[in-house]
Amino acid sequence: MTLTELKYIVAVARERHFGRAAEACFVSQPTLSVAIRKLEEELGVVLFERGGAEIGITPVGLKVVTQAQKVLEEGANLREIARQGHDPLEGPLRVGIIYTVGPYLLPYLVPEQIRCTPQMPLLLQENYTTRLLELLRQGEIDCAIVALPLPETGLAQCALYDEPFFVALPHRHPWANETSIPSQRLKEETMLLLGAGHCFRDQVLEVCPELSRYSAASEGIQRTFEGSSLETIRHMVAAGIGITVMPASAIEVQGSESKLLRFIPFDPPAPDRRVVLVWRKSFPRLAAIEALAEAVRHCKMPGVGYLDESVSSAVLVN
């Protein structure tokens, strides 16, 4: 039994497909299949149910995969413990970040991190919250910047900042000169939303639950369109396709497009989101996590309320 074989079975459990798992592990499918079959023979159990379009996991296989994830996490920690013996701030920090935070935080964060801890470069990966949490549990990344709420994860977290939401409008929209907008009025308009999988989409639907269903009735949402990113949606709003909701960090616009958009706050209490830093509670480079949190808090993005929460007293998400 090797760590490589454990990595293979975790990948198959995640992808539910031998081909995709092999691609994720950068090996050929026969190599992965042979290694998993060898492990099953060694353990004397069947881990996966083969034969369908999607691979199933047997009950004992689920237990083995869960334990394999723990072993891989501890294996990753061995390298970090050795590094911590020299300097916890020395060497790369692997950071995941959600799609609706990365484009707006990173232009501030990267220069700040270089200024404060140039010996600790950030290896960055954007993805959905659910995928980042998987990578974190598997030891593929060291920490992640995500937005609440989170599922039960067994991870440690500390709050970074709160940011309110704004309504984004074309500059000729009838609401363009309003000082604030009630959330209930959103159902009157054509709304542009992120596609399924984005946690920000779910947060917008919490602001106006009517958006979760299509209705041609006068009291319902006229129509919804989906975009792949907030930046794509921003351009669609500027083109007059509809309106949307954006976090404060995303509303700064440069160039000619700034004349085409208006950003109006919600009536109090304005909806907002809390952005947090999460990491495995067994991760040994706590000083590196603290340094990253401090760098984020020194970014000073407009419209964002920073929170001073110590990493050493972080909340555990059970």
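Which residue just after helix 3 takes a positive phi? That residue is Gly44, with a phi of about 75°. Before I go on, this is a predicted model, in which local features need pLDDT of at least 70, side-chain atom pairs count only at pLDDT 80 or more, and totals for chains, interfaces and linings use all residues. Residues are numbered from 1 along each chain as its sequence is written, and side-chain values use heavy atoms, with hydrogens and water left out.

Let me stay with helix 3. Helices here are DSSP runs of H or I with at least four residues, strands are runs of E with at least two, and both are numbered from the N terminus. Helix 3 covers residues 29-43, which is 15 residues. From its first C-alpha to its last it reaches 21 Å, close to the 21 Å expected at 1.5 Å a residue; the expected span is 1.5 Å times one less than the number of residues.

Now burial. I call a residue buried under 20% relative accessible area, exposed over 50%, and partly exposed in between, using a 1.4 Å probe and protein chains only. In helix 3 the buried residues are Leu32, Ala35, Ile36, Leu39 and Glu40. Viewed down the helix axis, they fall within an arc of 140°, so they line one face of helix 3. That arc is taken from the directions from the helix axis to the C-beta atoms. On the other side, Pro30, Val34 and Glu41 are exposed. The cover over the buried residues includes helix 1 (3-15), helix 2 (18-24) and strand 1 (48-49), where contact means heavy atoms within 4.5 Å.

Next, Arg297. Leaving out residues up to four places away in sequence, Arg297 touches Cys158, Ala159, Leu160, Glu290, Tyr306, Leu307, Asp308 and Glu309.

That brings in the cysteines. A disulfide is a pair of cysteine sulfur atoms within 2.5 Å, and by this rule the count is zero. Cys158 is in no disulfide, and the nearest cysteine sulfur, that of Cys143, is 9.6 Å away. Cys158 is buried, at 0% relative accessibility. Cys199 is buried too, with a relative accessible area of 16%.

Last, Lys259. Where does Lys259 sit? Lys259 is in the loop between strand 9 (244-247) and strand 10 (261-265). At 63% relative accessibility, Lys259 counts as exposed. Lys259 and His171 are 88 residues apart in sequence, and their C-alpha atoms are 7.1 Å apart in space.
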